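Work through the following exercises with the sequence and model at hand. Try each one before reading its solution.

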Amino acid sequence: MNGPLSFAPRYLSAPEYAFALHQPNDHAAILVRNRSRKQTIQRILSVEAIASEPFQNWLQRQNQSGADIFIGMNPVKEGSRSRTKEQIREVRHAYLDLDEEAGASLQAIRTSGDVPPPNFVLDTSPGKHQVVWRVEGLDTSHAESLLRALASQYGGDPAATDISRLLRLPGFTNRKYNDAFVVRVHHETDAHYHAQDFQVQEDSPDSSRHLGDLHHRERKITPGHRSQSEADWAYAKRALARGDQADQVIQRIADYRSDDKADPLYYARLTVIKAQLSLMSRESDAPARETPIESAPRLGATVEAPDTISATRDQR
């Protein structure tokens, strides 16, 4: 761990948060998603362009018209038109998306001693949070093992365990719920962390090692939690509903449950099939046609995306 000797915690605006996550010349993904209109647009821009007044004004207009706003947590390679894992240039952040019993989970993060103090804590809706740490020296495999371990230990969304994740951008209203809630982020430290700073059991089924100087421990289970099968089914429905490809959802579930199931791929495929049938039944009368969203200022590459958001729990 390293960081300044003194730091004054404070709330950040959207441009300030973008610059806190990335360097001005980095390229990052911005995703605008209007659920009511079934409209999604993704743009890959320099962070300087993301923070610019014209682009922020455009995001505000989209937000006011009902869209949710997300930003990529890791920079992509310059010239990329997507944010697949292969296009991620560097792993900069570890994160958790806390939904059920989020307050208790956040308190455990702050007091357990197993993980360092978060760099950023986002209030995404009443009683729900996203937690972000700056990290260094992690490759894709190690980073995703850490993300899975954090989600397992602190009750985070298991869907938020890939390096191409987008989380909410503060300063914009969360449009998922009827009651307006403006997302805000508290910048709590400027420290940079390494694998050994996280004393959590690695959740990688194909490795016997642990991240940092770890010891075995039981997973923390929140009283009244859903069964894992129910959680996997609920995740599959969310992922499919936001446009993720079925084979990708199957692979994510299979990877995550490979240490618990004799045939994780079969289990994952069956879970996704059940989720598809549920969605088909629920949405049989819903219009399927999508219309293009209002064009953004031409500051970078535009990509129409079927919400490969890899976005957490339908993004709180």
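**Exercise 1.** Which residues form a nonpolar patch on the surface, and what is their accessible area together?

Solution. The model is a predicted one. The patch consists of Ile273, Leu277 and Met280, which together have about 310 Å² of accessible area.

**Exercise 2.** Locate asparagine 74, decide whether it is buried or exposed, and list the polar contacts of its side chain.

Solution. Asparagine 74 sits in the loop that runs between strand E4 (68-72) and strand E5 (93-98). With a relative accessible area of 3%, asparagine 74 is buried, since buried means under 20%. Its side chain reaches two backbone nitrogens: that of arginine 92 at 2.6 Å and that of histidine 93 at 3.1 Å. Beyond four places in sequence, the contacts of asparagine 74 include His22, Ile88, Tyr95 and Ile163.

**Exercise 3.** How many residues has the largest nonpolar core, and which have the most contacts inside it?

Solution. The largest core has 63 residues. Those with the most contacts inside it are Tyr17, Leu59, Leu96, Trp133, Leu150, Leu169 and Phe198. Helix H5 (residues 140-154) gives the largest share, seven residues. A second, separate core has 14 residues, among them Ala159, Leu240, Ile250 and Ala254.

Key:
Residues numbered from 1 in each chain as written. Predicted model: local features only at pLDDT ≥ 70, side-chain atom pairs only at ≥ 80, totals over all residues. Heavy atoms only, no water. Helix = DSSP H or I, 4+ residues; strand = E, 2+ residues; numbered from the N terminus. Buried < 20%, exposed > 50% of the residue type's maximum accessible area, 1.4 Å probe, protein only. Polar contact = N/O pair within 3.5 Å; in protein donor to acceptor, adjacent residues only side chain to side chain. Contact = heavy atoms within 4.5 Å. Patch = residues over 30% accessible without salt bridge, like charges linked within 9 Å, V, L, I, M, F, W, Y side chains within 5 Å. Areas by Shrake-Rupley, 256 points an atom, 1.4 Å probe, with all protein chains shown as cover. Salt bridge = Lys/Arg side-chain N within 4 Å of Asp/Glu carboxyl O. Core = buried A, V, L, I, M, F, W, Y, C linked by side-chain atoms within 4.5 Å.
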